[in-house]
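Hi,

Here is the structure I promised to pass on. Have a look at it first, and then read my notes on the packing below.

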Amino acid sequence: MPLITFEGIDGSGKGTQIRLLRKRCQALGVDSTVFREPGGTLLSERVRPLLLDPALHVEPLAELLLFSAARSQLCEEKIRPLLAEGAVVILDRFYDSTVAYQGGGRQIGDFDWLSEFNRRVTGGLEPDRTYYLRVTLEVAARRRRHREEDRLESGGEAFFERVEAAYERIARENHDRVVSIDGNGPPEEVADAVWKDARTLIVPLEPGS
């Protein structure tokens, strides 16, 4: 019943890799559920457009609290029950995004304060594994050009430099949980690198294993 999260700057390829990992789970007959943040519950989905609307001004602290409210609801309403049932839960972002985007990018609070805050928001729920898709800022920006930017994606170069630095620190300080994956290459190669580690968590759950 692992909780697996994917992290990285916007344009790192998280969505693609989550889809490919879920296909591997399905091929094994392993029950898996995917959620994006913010989202996954009625409350969280209603919060999502407020946070992503590029026409809406949201103060940094309000942004932190809205993301955290959506996450708290998702943990209690969806994630914990699914894990208790033995499902693999895969998240497109979790609390590391708060540390990177609101802590690093928006410069709200230090890492220790945010870590304690996130622990309270999730009720102590932590991922079994986090895949940090490391891409260059240039690659990420090129990928984002093919879609309409939301409010966070329009943060600017300096913002994303701070977010990237925060992710690098998260990876260094949580090496027992965070696996850094080079996300610059073809999606299939990235997926193989993810699966090399993820299978150690998922394959033992295969029926009959």
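In these notes, two residues are in contact when they have heavy atoms within 4.5 Å of each other. Please keep in mind that this is a predicted model.

With that cut-off, and leaving aside neighbours within four places in sequence, A100 is in contact with G105, V163, A166, Y167 and I170. A100 also belongs to the largest nonpolar core, which has 23 residues. The members that touch the most others there are I9, A100, Y101, F160, V163, Y167 and I170. Two or more residues each come from helix 4 (95–105), helix 5 (111–122), helix 6 (137–144) and helix 7 (157–173), and helix 7 gives the largest share, 7 residues. A second, separate core holds 16 residues, including C25, I90, V190 and I202.

Y101 and F160 form an edge-to-face pair, because their planes are at 90° with the ring centres 6.4 Å apart. This pair links distant parts of the chain, with Y101 in helix 4 and F160 in helix 7, 59 residues apart. F159 and F160 are edge-to-face too, with centres 5.3 Å apart and planes at 75°.

How buried are these rings? Relative accessibility is 3% for Y101, 4% for F160 and 2% for F159, so Y101, F160 and F159 each count as buried. Together with Y132 and Y167, they form one aromatic cluster.

Two charges are worth a look as well: the charged end of R144 sits over the ring of F160, 4.2 Å from its centre, and that of R169 sits over the ring of F111, 3.9 Å from its centre.

Best wishes

Conventions: Residues are numbered from 1 along each chain as its sequence is written. This is a predicted model: local features need pLDDT of at least 70, side-chain atom pairs count only at pLDDT 80 or more; totals for chains, interfaces and linings use all residues. Side-chain values use heavy atoms; hydrogens and water are left out. A nonpolar core is a set of buried Ala, Val, Leu, Ile, Met, Phe, Trp, Tyr and Cys residues joined through side-chain atoms within 4.5 Å. Buried means under 20% relative accessible area, exposed over 50%, partly exposed in between (1.4 Å probe, protein chains only). Helices (H or I, at least four residues) and strands (E, at least two) are DSSP runs, numbered from the N terminus. Rings of Phe, Tyr and Trp (its six-membered ring) pair if their centres lie within 6.5 Å; planes under 30 degrees apart count as stacked, over 60 as edge-to-face and the rest as tilted. A charge sits over a ring if NZ of Lys or CZ of Arg is within 6 Å of the ring centre and within 35 degrees of the ring normal.
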